[in-house]
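Dear colleague,

Please find below the structure that I promised to pass on to you. My notes on it follow directly after.

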Amino acid sequence: MIVPLDGAIRAPDVSAGLWLDHADIQLGNIGLNLANLSGQFDYETKAGLSAKQIQFDVLGGASQASIRSELFGNGGVTLIELEGDVDMAPVNAWLDLTLLRLTAGSTAYRGSLSVPYGGREDQPVFEFASDLQGITIDMPPPIGKIVADAHRALRVTQSFEANGSEVAFDLDQSAGGILRLTGDEVQGGIIEIGRYEPKAVAFD
């Protein structure tokens, strides 16, 4: 920590580091638990939180992450880039989407989590993308996927608010939709099967 001694009134600059070794962390606001978290975390007043080569277990698989921060005004956003493997059973339990209940297996993924702070409406956003290699989908065409090794592009975006969340998904442009959730209950939305093109949805 650097403390000014020249009489000027300004906040001290802080620089700190933290090493975690196989720690368990609960992200209560998005309902995720990180196990065996290991890596070096750094914080500086002018740069915010950062980290590289973080390793942890989540959603039935091993993942790694990097963290950086963008600061503006009295707040900012912490950006977490993720990649690793997940198992669909714990993913199902987390997102609780009807379509995901018909999936089985594990697959590689890439994702990101943005956590804003210091603003009037700080809404975390989680993004998930995978080619679904290793996954089967027990549904008829065009959604079904019988061969686990086949590739199908899936993108899921979930934005969290104080009273719920909104989930948008697109399965290889053959199905997709947007759902409004309060807790685990669907309050409204739209799901389309066939050639899907994302669009805005109004929730009453």
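This is a predicted model: local features need pLDDT of at least 70, side-chain atom pairs count only at pLDDT 80 or more; totals for chains, interfaces and linings use all residues.

The lining of the largest cavity consists, by class, of ten nonpolar residues, with no polar and no charged ones. The residues in question are Leu 59, Met 88, Val 91, Trp 94, Leu 95, Leu 100, Phe 126, Phe 128, Leu 154 and Val 156. Helix 1 (88–95), strand 7 and strand 9 are the elements that each give two or more residues to this lining. The largest share, four residues, comes from helix 1. The space in the largest cavity is about 90 Å³, and the structure holds two cavities of 30 Å³ or more. Such spaces are found by rolling a probe the size of a water molecule over the atoms, which shows where empty space is left.

The largest pocket has a volume of about 530 Å³. It is lined by 26 residues, and those closest to its centre are Leu 27, Leu 34, Ile 67, Ile 80 and Leu 113. Two or more lining residues come from each of strand 1 (15–27), strand 2 (32–44), strand 3 (48–58), strand 4 (61–72), strand 5 (75–87), strand 6 (103–117) and strand 7 (125–130). What is the make-up of this lining by class? There are 24 nonpolar residues, two polar residues and no charged residues.

The chain has 204 residues, of which 36% count as buried. Among the contacts with a separation of 6 or more, 35% are between residues 24 or more positions apart.

Is Phe 56 buried or exposed? Phe 56 counts as buried because its relative accessibility is 6%, and the cut-off for buried is under 20%. Leaving aside neighbours within four places in sequence, Phe 56 is in contact with Leu 34, Ala 35, Asn 36, Leu 37, Gly 61, Ala 62, Ser 63, Gln 64, Ala 65 and Leu 82. Asn 33 lies 23 residues from Phe 56 along the chain, and the C-alpha atoms of the two are separated by 9.9 Å.

One of the contacts of Phe 56 is Ser 63, which is found in strand 4. Ser 63 has a relative accessibility of 6% and therefore counts as buried. Which side chain makes a polar contact with the side chain of Ser 63? That of Tyr 109 does, at 2.7 Å. Not counting residues up to four places away in sequence, Ser 63 touches Ile 54, Gln 55, Phe 56, Val 58, Glu 83, Gly 84, Asp 85 and Tyr 109.

Thr 107 is found in strand 6. With 3% relative accessibility, Thr 107 also counts as buried. The side chain of Thr 107 makes a polar contact with the side chain of Ser 130, at 3.2 Å. Once neighbours within four places in sequence are set aside, the contacts of Thr 107 are Gly 84, Asp 85, Val 86, Ser 130, Asp 131, Leu 132, Gln 133 and Ile 135.

Finally, I would draw your attention to strand 10. As an example, Phe 160 has Ser 165 in strand 10 as its bridge partner. The two strands are joined by a hairpin through two residues.

Strand 10 also pairs with strand 11 (residues 175–182), in the antiparallel sense and over seven bridges. Here the bridge partner of Ala 168 is Ile 178 in strand 11. The hairpin of strand 10 and strand 11 has three residues between the strands, and in this hairpin Asp 172 takes a positive phi near 50 degrees.

With kind regards

Terms used
Residues are numbered from 1 along each chain as its sequence is written. Side-chain values use heavy atoms; hydrogens and water are left out. On a 1 Å grid over the protein atoms alone, a cavity is a set of points where a 1.4 Å probe fits but cannot get out, and a pocket is an open set with protein on both sides within 12 Å along at least five of seven lines; lining residues have an atom within 4 Å of a point. Grid points are joined across faces, edges and corners, and a volume is the space filled by probe spheres set on the points. Ala, Val, Leu, Ile, Met, Phe, Trp, Tyr, Cys and Pro count as nonpolar, Asp, Glu, Lys and Arg as charged, and the others, Gly among them, as polar. Buried means under 20% relative accessible area, exposed over 50%, partly exposed in between (1.4 Å probe, protein chains only). A polar contact is a pair of N or O atoms within 3.5 Å; within protein, one must be able to donate a hydrogen and the other to accept it, and residues adjacent in sequence count only if both atoms are side-chain atoms. Contact means heavy atoms within 4.5 Å. Two strands pair if DSSP finds at least two bridges between them.
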